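Have the sequence and the 3D view open as you read.

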Amino acid sequence: MKVVLIQMAVTDEETGSLRMEKADAYLKQIEATPETPDLILFPELWKCGFQNFAGYEDAAEELHGETWQFMSRWAKRLQCYIHSGSFVEKRIMEAGGGTAFYNTSVLFDREGCETGIYRKIHLFGFESMEQKILTAGQSVTEVETEFGRTGMATCYDLRFPEQFRVQKDAVPGIFLITAAWPAARLEHWRLFNQVRAVENQCYVISCNAAGTWCGVTGAGHSMITDPMGNILAEASEQEEMIRCDLNPRLSEKWRGQFPALKDRKEISVS
C-alpha cells in the first residue's frame, strides 16, 4: 500500500482559491510520477485555515460542493483513494430550516465515489471559536476498504481514546487523521499518534497542516505510525509531500501474535 501525505502550508497571504490551485499542482505532480499511490491525504481545513474563524461561514460549502467534486475527479483520474482533508460544510437542517456548519472530511475510492463521510466530533474549545461556530458530529466513521476496516478522525479527536475503540471486536486496522495541530503542542501530536497506534494495534496515518495563519503556526510533522508504534515516515515543519509504503495486513498479523485487544474487559464503577 503506497501512501502520500500532502502537508500543505496555510498562510494569511494565500486565498482559498490559490490553495486549490496548489492542491491541483501537487496532484498533477503525483500523476507525473511512475507509481501512482493507493491513498492520498490532505490536512484539516487546508482551504480556509483552521484559525480563520471569521472566515468559516464565507468558506462554507455544501457537502457535494467544490471540494467534494475536486477530490472525486482526482480520485477517479488517479485511480486511488483520496482523503479530502476537511472543509467547512454548510447543511440546511430539516428541523426548523436553520443552517448548521460542520468540520467535515470525505474519503473517496478509486472510482471517485464517496465511501466515507466524517464530521468532527470533538470540537476544540481552548483559545478557539470552533465550538461556538460549528456543530459537533454525532457518530464515528469506519468503512470497509480494500485495505481492511478503516476509521476516520480529525485533529483534536486524537486526545480521546474512546473514539478509537467504539466497537470492541472490530477496531479498524487503519485510522486516517486530518489535522491542523499547532507547533506549540508538537510533542503531544507525536505522542498521541504513537499511543493511538500502540493501544489499538493499528496504523495511524496522519496529515497535518504547516504554515502560519491568524498568528498560529501549524506543527507539520505529518506521519505514518505502524501498529507497534514505530514512526515509518515523518515530515518536517515545512510544506512538503511525503511518501511511504506499508503492509496493511500487518495490523491483523500483530494482533494475532500479541492479542492484547482480546484481553479487554468491560469495567464498571462501583
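The largest cavity has a volume of about 40 Å³. A cavity here is a set of points on a 1 Å grid over the protein atoms alone where a 1.4 Å probe fits but cannot get out, and its volume is the space filled by probe spheres set on the points, with grid points joined across faces, edges and corners. This is a predicted model, where local features need pLDDT of at least 70, side-chain atom pairs count only at pLDDT 80 or more, and totals for chains, interfaces and linings use all residues. Residues are numbered from 1 along each chain as its sequence is written, and side-chain values use heavy atoms, with hydrogens and water left out.

**Cavities**

- Searching the whole structure turns up two cavities of 30 Å³ or more.
- Around the largest cavity you'll find Met 1, Leu 39, Tyr 81, Leu 107, Thr 145, Phe 147, Thr 150, Ile 174 and Leu 176 (lining residues have an atom within 4 Å of a point).
- That lining splits into seven nonpolar, two polar and no charged residues; Ala, Val, Leu, Ile, Met, Phe, Trp, Tyr, Cys and Pro count as nonpolar, Asp, Glu, Lys and Arg as charged, and the others, Gly among them, as polar.
- The second largest cavity comes in at about 30 Å³, and its lining is Val 140, Thr 141, Glu 142, Met 152, Ala 153, Gln 163 and Phe 175.
- Strand 6 (141–145) and strand 7 (148–154) are the elements that give two or more residues to the lining of the second largest cavity; helices (H or I, at least four residues) and strands (E, at least two) are DSSP runs, numbered from the N terminus.
- For the second largest cavity, the lining has four nonpolar, two polar and one charged residue.

**Helix 3**

- The buried residues of helix 3 are Thr 67, Trp 68, Phe 70, Met 71, Ser 72, Trp 74, Ala 75 and Leu 78 (buried means under 20% relative accessible area, exposed over 50%, with a 1.4 Å probe and protein chains only).
- Covering those buried residues are elements including helix 1 (16–31), strand 2 (39–41) and strand 3 (81–92).

**Helix 6**

- In helix 6 (residues 250–257), Leu 250, Ser 251 and Arg 255 are buried.
- Those buried residues fall within an arc of 135° seen down the helix 6 axis, so they line one face; the arc is that of the directions from the helix axis to the C-beta atoms.
- Glu 252, Lys 253, Gly 256 and Gln 257 are exposed on the other side of helix 6.

Notes. 1 Å grid on protein atoms, 1.4 Å probe; cavity = no way out; pocket = protein on both sides within 12 Å on 5 of 7 lines; lining within 4 Å. Contact = heavy atoms within 4.5 Å.
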